[in-house]
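Colleague: I am new to this structure and would like to learn how to read it. Could you walk me through it, one feature at a time?

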Amino acid sequence: MSDVLQKKYVPKLANMHKVCEFNYGRLLKLLPDCDTEDLEYQFEISKALQYTIKIIECSRYTSTLIMSQKSQVGFEFLQPIVQVRLYHDAQMAEVLEAQNIGSLKPSYQYPNIKMYQKNEKEMVNLFLAEWLQFCLSQSNQAQAISR
């Protein structure tokens, strides 16, 4: 094997922090109350496309939420779902899990058996950034539902 294939990918920490900081700000705009456990917000983009953000865990410095998409079109297993941790003291939001993959590593050797990209975690956080920006641009008001 060549040295190029064996070289380990090292994420650029400054870029990752920047994306996580922007995601935190976007989530705060979408969620007026992000530190109340068992609160759920629903956004309707159209009759065929809805988003749900459910806060599943809260502590003094962190909140954990699940964001998912429901669509009338396409297969359910292709609809995005992410678990995100908000770090209130650092003002950052990081994707912990995506598409039920489980814990994401900072980097992966490539190729690998599950075909994760070498920068899978970075790409999922960038996807969340685009997703949140879309929600902000399309939704007028979120509806909070207490569970």
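Predicted model: local features only at pLDDT ≥ 70, side-chain atom pairs only at ≥ 80, totals over all residues.

Colleague: Thanks! Where is Asp38 found?

Modeller: Asp38 lies in the loop between helix H2 (13-30) and S1. Its backbone is worth a look too: Asp38 is not a glycine, yet its phi is positive, about 65°.

Colleague: Now the wider view, please. How many helices and strands does the protein chain have?

Modeller: There are three helices and six strands. Reading from the N terminus, their order is α-α-β-β-β-β-β-α-β. Of the 147 residues of the protein chain, 42% count as buried. Another way to read a fold is through its contacts: among those between residues at least 6 apart in sequence, 46% join residues at least 24 apart.

Colleague: How should I read the strands?

Modeller: Here is the general idea: in a regular strand, side chains alternate between the two faces of the sheet. For the case in this structure, follow the pairings one by one. Strand S1 (residues 39-46) and S2 run antiparallel and are joined by six bridges. A hairpin of two residues connects S1 to S2, and Glu44 stands opposite Gln50 in S2.

Colleague: And how many bridges join S2 to S3?

Modeller: Nine bridges join S2 to S3, again in the antiparallel sense. Three residues sit between S2 and S3 in their hairpin. To find your place in that pair, look for Lys54, which stands opposite Ile66 in S3.

Colleague: Is strand S2 mostly covered or mostly open?

Modeller: Strand S2 (residues 49-58) is mostly covered, with seven of its ten residues buried.

Colleague: Which residue in the turn between S4 and S5 has a positive phi?

Modeller: That residue is Gln91, with a phi of about 55°, in the hairpin that has four residues between S4 and S5.

Colleague: Let's zoom in on one strand residue. Is Ser63 buried or exposed?

Modeller: Ser63 counts as buried because its relative accessibility is 2%; the cut-off for buried is under 20%. Ser63 belongs to strand S3 (residues 62-71). Leaving aside residues up to four places away in sequence, Ser63 touches Cys34, Asp35, Glu57, Cys58, Val84, Arg85, Leu86 and His88. With His88 there is a polar contact of 2.8 Å between the side chains. As for Val84, it is 21 residues from Ser63 in sequence, while their C-alpha atoms are 8.3 Å apart in space.

Colleague: Which residues touch the most other members of the largest nonpolar core?

Modeller: They are Leu27, Met67, Val82 and Val84, in a core of 30 residues. This core draws at least two residues from each of H2, S1, S2, S3, S4, S5 and helix H3 (120-138). Take Met67 as an example: residues that it touches beyond four places in sequence include Tyr51, Ile53, Val82, Leu128, Trp131 and Cys135.

Colleague: How do I read a helix such as H3?

Modeller: The general idea is that an α-helix has 3.6 residues a turn, so residues three or four places apart point the same way. In H3, the buried residues include Val124, Leu128, Ala129, Trp131, Leu132 and Cys135. Among the elements covering the buried residues of H3 are H2, S2, S3, S4 and S5.

Definitions and conventions
Residues numbered from 1 in each chain as written. Heavy atoms only, no water. Buried < 20%, exposed > 50% of the residue type's maximum accessible area, 1.4 Å probe, protein only. Contact = heavy atoms within 4.5 Å. Polar contact = N/O pair within 3.5 Å; in protein donor to acceptor, adjacent residues only side chain to side chain. Pairing = 2+ DSSP bridges. Core = buried A, V, L, I, M, F, W, Y, C linked by side-chain atoms within 4.5 Å.
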